[in-house]
Amino acid sequence: MNIARPFCYSVVSLKETFPRPRVFRVREDYDRGEFVSRSWEPSGRPPIGRMILGVVAILLFPCLPAIEASMEDRSEGDDPMKTARLRMVRDQIEARGVKDPRVLEAMRSVERHLFVPEREKSRAYNDTPLPIGYGQTISQPYIVAYMCEALELKGGEKVLEIGTGSGYHAAVLSLLAKEVYTIEILEPLAREAQKRLESLGYRNVKVRCGDGYKGWPEEAPFDAIIVTAAPPEIPQELVNQLKVGGKMVLPVGEEIQELVRVTKGEKGIKTERLLPVRFVPMVPGNRVETKNHF
Ligand code: SAH
């Protein structure tokens, strides 16, 4: 953060404007009833320029925090998308209570504007879900961060995501875990996401086109599972593919949905209701016509 410099400048210029000895001298003169032009300069003229500077400095002093904030934003150089992204994390995510520093860093790092269609780019860092085609949406940034935090990932995990969509949430997860497996039922979305993740260098993500209700049995068990479309109830097959001690975060319900965290124990599952939410439905595999599963 290069705020230190301009702030130092303002201190220096204040010092230069009112050098200590001169201020004392003026005061002495005043005390002696001699507050006359002679006490300023040999020429007898008061330093109007310096006085104006001083007044401006005093007036600006209360605004320093705002100036600091705006310089902080500008200090990110000329990348307006980065500026918008940092602001998104600060105002939408941290401000709502997400604290995990790894999650916040991942949200600062993944370029959401590269995961949305061209026409949505200008809204990429808004506090909202956005359409990604085929009737689907990329989730609101806060919800992505909230769900990631709820999984309590440490970095060494194998994670399964159901509902790849644009690949954005998978990219965020890839920075928080060791490996990410993600399943998308709509083939064009799966292909686009796979290409996008590859070209952006998210190498620890594998995309599959298929029915998320079946999970990814060849790679099970998973330390964590995240579902980004809403099933009417918790899918048993996904619970089966979760490790004992593992966590699954998913929206559950139809009209009314809730974000739920499932923790798998030796003897069964514990469920916690986290937040009311609205996700696209998790559709049963037999209702979607997909020519090429991969
Ligand atoms: N996580 C995504 C957003 C997901 S939107 C992102 O970051 O962009 C939910 C996605 O779930 C949609 O793309 C939808 O096609 C997919 N989906 C719905 N039912 C599914 C199912 N049974 N199996 C896999 N994907 C499913």
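**Entry 1**

I started at Glu 152, which sits in the loop between α7 and β3 (158-162). Helices here are DSSP runs of H or I with at least four residues, strands are runs of E with at least two, and both are numbered from the N terminus. The model is predicted; local features need pLDDT of at least 70, side-chain atom pairs count only at pLDDT 80 or more, and totals for chains, interfaces and linings use all residues. Residues are numbered from 1 along each chain as its sequence is written.

I checked the backbone of Glu 152. Its phi is positive, about 55°, although Glu 152 is not a glycine. The cut-offs: buried means 20 or more other C-beta atoms within 10 Å of a residue's own, exposed means 12 or fewer, partly exposed lies in between, and C-beta atoms are placed from the backbone.

I then moved to Gly 155, also placed in the loop between α7 and β3. Gly 155 has 9 other C-beta atoms within 10 Å, so it is exposed. Which residues does Gly 155 touch, leaving out those up to four places away in sequence? I found Leu 176, Ala 177 and Lys 178. Touching, or contact, means that the C-beta atoms of two residues, placed from the backbone, lie within 7 Å. I also looked at Arg 102. It is 53 residues from Gly 155 along the chain, and their C-alpha atoms are separated by 9.2 Å.

**Entry 1: α7 itself**

α7 is mostly covered, with 9 of its 11 residues buried. I listed them: Pro 141, Tyr 142, Val 144, Ala 145, Tyr 146, Met 147, Cys 148, Ala 150 and Leu 151.

Next I looked at α6. Val 103, Ala 106 and Met 107 are buried there. Why do they lie on the same side of α6? They cover an arc of only 100° around the axis, which puts them on that one side. The arc is taken from the directions that run from the helix axis to the C-beta atoms. I noted the background: an α-helix has 3.6 residues a turn, so residues three or four places apart point the same way. The cover over the buried residues of α6 includes α5, α7 (141-151) and α8.

The axes of α5 (residues 80-94) and α6 (residues 101-109) come within 8 Å and cross at roughly 140°. Axes are lines fitted to C-alpha atoms, for helices over the stretch in contact, with angles from 0 to 180 degrees between N-to-C directions. Arg 85, Leu 86, Val 89, Ile 93 and Glu 94 of α5 meet Leu 104, Met 107 and Arg 108 of α6. I sorted the residues of this contact into 5 nonpolar, no polar and 3 charged. Ala, Val, Leu, Ile, Met, Phe, Trp, Tyr, Cys and Pro count as nonpolar, Asp, Glu, Lys and Arg as charged, and the others, Gly among them, as polar.

**Entry 2: Ala 171 in α8**

I picked Ala 171, which lies in helix α8. Ala 171 is buried, because 26 other C-beta atoms lie within 10 Å. Beyond residues up to four places away in sequence, Ala 171 touches Val 110, Leu 197, Leu 200 and Tyr 202. Ala 171 and Met 107 are 64 residues apart in sequence; C-alpha to C-alpha, I read 9.6 Å.

**Entry 3: around the ligand**

Which residues come nearest the ligand? Of the 25 around it, I noted Gly 163, Gly 165, Ser 166, His 169 and Gly 212. A residue is near a molecule or strand if its C-beta atom, placed from the backbone, lies within 6 Å of it. β2 (136-138), α8 (168-174) and β4 (179-184) each supply at least two residues of this shell. β2 gives the most, with 3 residues. By class I read 13 nonpolar, 10 polar and 2 charged residues in the shell.

I looked up Tyr 134 in the loop between β1 (130-133) and β2. Its phi is near 55°, a positive value in a residue other than glycine. Tyr 134 counts as exposed, with 11 C-beta neighbours inside 10 Å.

A cis peptide bond joins Ala 220 and Pro 221, with omega about 5°.
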